[in-house]
Every structure is written in C-alpha cells, then in structure tokens.
Amino acid sequence: MPIPIDPDILDHPWLRELVLQREREGEARGEAQGAVRGEANLLGRMLERRVGPLPDWARRRIESADTVTLETWGLRLIDAASLEDVLT
C-alpha cells in the first residue's frame, strides 16, 4: 500500500530524486512481473490449443516459471510430441 508523501518533501532536490528513483524501481518491477505473467499466459494458451486442457501440475509449473524458462518451453513447443516434452 503506497504511503502518501508530503508535497513539501519534494522541494528538496536530494529527497525528490530519492522518491522518484523509488517510483521508477517500482514501475520496473511491475513491468517485469507483468511481462512474466503475459508470457506464462501465452504459453498456457498455446499448450491448451495443442494438447487440450492442462493438468494442474502443468499449470503450476508454468505459473511459477521465470522468463528464461518460459521462453525455452515456448521454443520446445514447436517440436515437442507431448506436454511432458515441453515442460521438462
């Protein structure tokens, strides 16, 4: 939950820069998390189209994967013969 900032604090250059830096870092983290969720969503949809509804174990693996793993699995999907071949 954001903490309200007294507008007068932003008059001090050092404190203003600190506050703005924290905001930028928060935005970057949010964008990175959104990108991972987007990749996971796309991979899940592509797998469902190819193999049908995903079992819970597969959905959990996809939801907990990082970007590099999701990209690797996405490339494996092209040649894989089974869901297990993709998510190993």
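T72 sits in helix α3. Helices here are DSSP runs of H or I with at least four residues, strands are E runs of at least two, and both are numbered from the N terminus. T72 is partly exposed, with a relative accessible area of 34%. Buried means under 20% relative accessible area, exposed means over 50%, and partly exposed lies in between (1.4 Å probe, protein chains only). T72 and V86 are 14 residues apart in sequence, and their C-alpha atoms lie 8.6 Å apart.

This is a predicted model, in which local features need pLDDT of at least 70, side-chain atom pairs count only at pLDDT 80 or more, and totals for chains, interfaces and linings use all residues. Residues are numbered from 1 along each chain as its sequence is written, and side-chain values use heavy atoms, with hydrogens and water left out.

**Confidence and overall make-up**

pLDDT is the predictor's confidence in each residue, on a scale from 0 to 100. The protein averages 86, and 89% of the residues score at least 70. Confidence is lowest in α1, at a mean of 83, and highest in α2, at 96.

The protein has four helices and zero strands. From the N terminus, the order is α-α-α-α. Of the 88 residues, 20% are buried.

A contact means heavy atoms within 4.5 Å. Among contacts between residues at least 6 apart in sequence, 52% join residues at least 24 apart.

**The core**

The largest nonpolar core has 14 residues. Such a core is a set of buried Ala, Val, Leu, Ile, Met, Phe, Trp, Tyr and Cys residues joined through side-chain atoms within 4.5 Å. L43, L47, I62, L70, W73, V86 and L87 have the most contacts inside this core. α1 (13–51), α2 (56–64), α3 (67–79) and α4 (83–86) each supply at least two of its residues.

Leaving out residues up to four places away in sequence, L70 touches V36, E39, A40, L43, I62 and A65.

The buried residues of α3 are L70, W73, G74 and L77. They cover an arc of only 105° around the axis, so they fall on the same side of α3. The arc is taken from the directions that run from the helix axis to the C-beta atoms. On the other side of α3, V68, L75, I78 and D79 are exposed.

A58 belongs to helix α2. Its relative accessibility is 0%, so A58 counts as buried. Apart from neighbours within four places in sequence, A58 contacts L83 and L87. A58 and L47 are eleven residues apart in sequence and 9.7 Å apart in space, C-alpha to C-alpha.

The structure holds one salt bridge. The term means a side-chain nitrogen of Lys or Arg within 4 Å of a carboxyl oxygen of Asp or Glu. Here the side chains of E48 and R59 meet at 2.3 Å, N to O. The pair links distant parts of the chain, with E48 in helix α1 and R59 in helix α2, eleven residues apart.

| Residue | Relative accessible area |
|---|---|
| E48 | 32% |
| R59 | 30% |
| T72 | 34% |
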